[in-house]
Amino acid sequence: MEARDRLTNIGVFGLAAIAWLLVGLVVTTRDPRLDPGAAIVGALLIGVAIGTTSIPLFWLAVFGRHRRIAYRGDWLRAVRRGGWVMVVVAVFVGLRLQGAFQLPIALFIVTMVLIAESTLSVER
């Protein structure tokens, strides 16, 4: 692992910590039942917080699987997977806040993300 990989991991975890602080601020100061805008902001912030937390974890999992060798494109793949996590979590939280979250919808969204990620991750 090179110094740039360590700094990138620390930087992304720092961004995740800031996002989690913002989530804590919104959750403790705003009521989603009284302010519908707070519900959307909270859903987006929770998605961003979980997604940015998962980016270095995805990279570290691939780094460990490749026997501690960082290949070109590993960070791009980790950012893309973290983006998928951001979108899925934000949509799930938003659907839950609106009372529209159902198992078939959740399974459809997860299936579509898995299909999209599997087609993008094919090594040529």
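View 1. Starting at the N terminus, the protein chain goes α-α-α-α. That makes 4 helices and 0 strands (DSSP runs numbered from the N terminus: H or I of at least four residues for helices, E of at least two for strands). This is a predicted model, where local features need pLDDT of at least 70, side-chain atom pairs count only at pLDDT 80 or more, and totals for chains, interfaces and linings use all residues. Numbering runs from 1 along each chain as its sequence is written, and side-chain values use heavy atoms, with hydrogens and water left out. The C-alpha trace spans about 50 × 30 × 15 Å along its principal axes.

View 2. Of the 124 residues in the protein chain, 30% are buried (under 20% relative accessible area, 1.4 Å probe, protein chains only). The accessible surface comes to about 8200 Å², and carbon and sulfur atoms hold 71% of that (Shrake-Rupley method, 1.4 Å probe). As for contacts (heavy atoms within 4.5 Å), residues 24 or more positions apart supply 68% of those with a separation of 6 or more.

**View 3. Ser 54 up close.** Ser 54 sits in helix H2, which covers residues 36–65. Ser 54 is buried, at a relative accessible area of 11%. A polar atom of its side chain lies 2.8 Å from the backbone oxygen of Gly 51. Setting aside neighbours within four places in sequence, Ser 54 is in contact with Gly 82 and Val 85.

Technical notes:
Buried < 20%, exposed > 50% of the residue type's maximum accessible area, 1.4 Å probe, protein only. Polar contact = N/O pair within 3.5 Å; in protein donor to acceptor, adjacent residues only side chain to side chain.
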